[in-house]
Amino acid sequence: MTISYTSERAWWKEPLERTELVWIVIAFIWCLVLFFMMPYWHIYGQQNLANEAYRAKPEDFARKTEEMIAKYKVREDGGDLKVPVVRPPAGSDVYLIGRLWAWWPILELEKGKSYRLHLTAMDYQHGFSLQPENINIQVHPGYDHAVTMTPTQKGSFAIICNEYCGVNHHTMISRIYVK
Ligand code: CUA
């Protein structure tokens, strides 16, 4: 068998056909459009969460949560579960724990004020899902998921767990109150 290299076979040496060049240019421009749409849509699309995650020991997170509860607890809620309702000052760091099978505590926030919300899981992965706003954050044990949050409407908002976490997953529900 002989392998010969002719000028036709050396396709990379052929001059570029005009149509091909046009399509390469169109494809390249479209790539640039999509590339710059990512940061643009992150800032102006108001759809993507700018949340951060840090390593955090569960016991440290639990201590901060209990300190916040001790300082700002206003009542209890959640029926037999007796979940503390806390009203932390505007602008402060607020803590919320997900664990089998509850969210702890219940936060009561002020409309139009910003809070730094910290989320963690104590045991397994849970899914923080705020409804009907449809804000979803996966929460993992060993991590502090932080997001700045400014409630824009008064009312009672539901928190559900949207990550399957065992037999009572469906009961892992809570609320955030906005006054
Ligand atoms: Cu927690 Cu499902």
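How many residues does helix H2 have, and how far does it reach from its first C-alpha to its last?

**View 1. Helix H2, end to end and face by face.** Helix H2 covers residues 58-72, which makes 15 residues, and it reaches 21 Å from its first C-alpha to its last, close to the 21 Å expected at 1.5 Å a residue. (The expected span is 1.5 Å times one less than the number of residues; helices are DSSP runs of H or I with at least four residues, strands are DSSP runs of E with at least two, and both are numbered from the N terminus.) What you're looking at is a predicted model, where local features need pLDDT of at least 70 and side-chain atom pairs count only at pLDDT 80 or more, while totals for chains, interfaces and linings use all residues. Residues are numbered from 1 along each chain as its sequence is written, and side-chain values use heavy atoms, with hydrogens and water left out. The buried residues of H2 are Phe61, Thr65, Met68 and Ile69. Down the helix axis they fall within an arc of 100°, so they line one face of H2; the arc is taken from the directions from the axis to the C-beta atoms. (Buried means under 20% relative accessible area, exposed over 50%, partly exposed in between, with a 1.4 Å probe and protein chains only.) An α-helix has 3.6 residues a turn, so residues three or four places apart point the same way.

**View 2. The open sheet of seven strands.** Follow the order S2-S3-S6-S12-S11-S8-S9, and note that the pairing is mixed. (Two strands pair if DSSP finds at least two bridges between them.) Strand S2 (73-77) and strand S9 (135-139) stand at the edges with a single partner strand each, so one side of each has no neighbour in the sheet. From one strand to the next, the twist averages 25°. (Axes here are lines fitted to C-alpha atoms, for helices over the stretch in contact, with angles from 0 to 180 degrees between N-to-C directions.)

**View 3. The S8-S9 hairpin.** Strand S8 (residues 126-131) runs antiparallel to S9, and five bridges join the two. Histidine 126 sits opposite valine 139 in S9, and leucine 130 sits opposite isoleucine 135. Three residues lie between the strands, and asparagine 134 in the turn has a positive phi of about 60°.

**View 4. Serine 174 in strand S12.** S12 spans residues 173-178. Serine 174 counts as buried, at 10% relative accessibility. Leaving aside neighbours within four places in sequence, serine 174 is in contact (heavy atoms within 4.5 Å) with Trp103, Ile106, Phe157, Ala158 and Ile159.

**View 5. The loop between S11 and S12, with histidine 169.** Is histidine 169 buried or exposed? Histidine 169 is buried, with a relative accessible area of 18%. Not counting residues up to four places away in sequence, histidine 169 touches Trp101, Cys161, Asn162, Glu163 and Tyr164. Valine 167 is in this loop too, but it is exposed at 64%. Valine 167 and tryptophan 101 are 66 residues apart in sequence, yet 9.2 Å apart in space, C-alpha to C-alpha.
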